[in-house]
Amino acid sequence: MEALKLMNCRKSVRSYTGKLTEEQLNAVLYAGQKAPVGMGKYETMHMTVIQDKDFLHELDRNAAEFMGDTSRTPLYGAPCLILISTPIPDPAAGNVQYSNAAIMAEHMALSAIDMGIGSCLIWGAVAAMNTKPELVAKLNLPEGHKVCCGIVVGETAEELSEREIDAKRVSVSYYRS
């Protein structure tokens, strides 16, 4: 599939059928591996795959409470959550590390679309989880790692069709000589 077509099809999917094959999961993870990482420090990045229904439910409830609405399901019933973590040596200058994680997640989202499966970048549930050391401890992260973002993936009944995107929806400033 062409890159621009993939981008026009990508959307945040918020309903899942509860299925994800091992082949689909491996392809999504491989797409994350293909993402650029600042200074080529791939050894600092880590992905954690969560498919345990009870743990997903626990993370979902925690996020709903954190967001102040226990009727919400911030993980949208997805069968898989992939968390991306890395050390953040200087939180005031953590831009590169968070950008690395976000680019990995976007690569995975585009890969999911290419396979016809849904995905949604997850920020709020990650923020909620990071306030609970007991939840983070269950992840068995490499020492010094902090979860930066996540992505849920899985098969969906939602239509993943190409749509027109306004070329001017984000303002642009130019500084030219």
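Two elements, β2 (80–87) and α5 (124–129), each supply at least two residues to the lining of the largest cavity. The labels come from DSSP runs numbered from the N terminus, with helices being H or I runs of at least four residues and strands being E runs of at least two. A cavity is a set of points on a 1 Å grid over the protein atoms alone where a 1.4 Å probe fits but cannot get out, and its lining residues have an atom within 4 Å of a point. This is a predicted model, in which local features need pLDDT of at least 70 and side-chain atom pairs count only at pLDDT 80 or more, while totals for chains, interfaces and linings use all residues. Residues are numbered from 1 along each chain as its sequence is written, and side-chain values use heavy atoms, with hydrogens and water left out.

The count comes to one cavity of 30 Å³ or more. The volume of the largest cavity is about 40 Å³, where a volume is the space filled by probe spheres set on the points, and grid points are joined across faces, edges and corners. Its lining is made by L59, L75, L81, L83, I122, A125, V126 and M129. Helix α5 gives the largest share of this lining, three residues. By class, the lining has eight nonpolar residues, no polar and no charged ones. Here Ala, Val, Leu, Ile, Met, Phe, Trp, Tyr, Cys and Pro count as nonpolar, Asp, Glu, Lys and Arg as charged, and the others, Gly among them, as polar.

Now to the sheet. Strands of a sheet pair through backbone hydrogen bonds, either parallel or antiparallel. In this model an open sheet of four strands has the order β1-β2-β4-β3, with antiparallel pairing; two strands pair if DSSP finds at least two bridges between them. At the edges are β1 (46–50) and β3 (118–122), each pairing on one side only. Neighbouring strands are turned by 25° against each other on average, direction ignored, with axes fitted as lines to C-alpha atoms and angles running from 0 to 180 degrees between N-to-C directions.

Strand β4 (residues 145–154) is joined to β3 by five bridges. Across this pairing, S119 stands opposite V153 and G118 opposite G154. Eight bridges join β4 to β2, and there L83 has G150 as its bridge partner. Nine of the ten residues of β4 are buried, so the strand is largely enclosed by the rest of the structure. Buried means under 20% relative accessible area, found with a 1.4 Å probe on protein chains only.

Terms used. 1 Å grid on protein atoms, 1.4 Å probe; cavity = no way out; pocket = protein on both sides within 12 Å on 5 of 7 lines; lining within 4 Å. Buried < 20%, exposed > 50% of the residue type's maximum accessible area, 1.4 Å probe, protein only.
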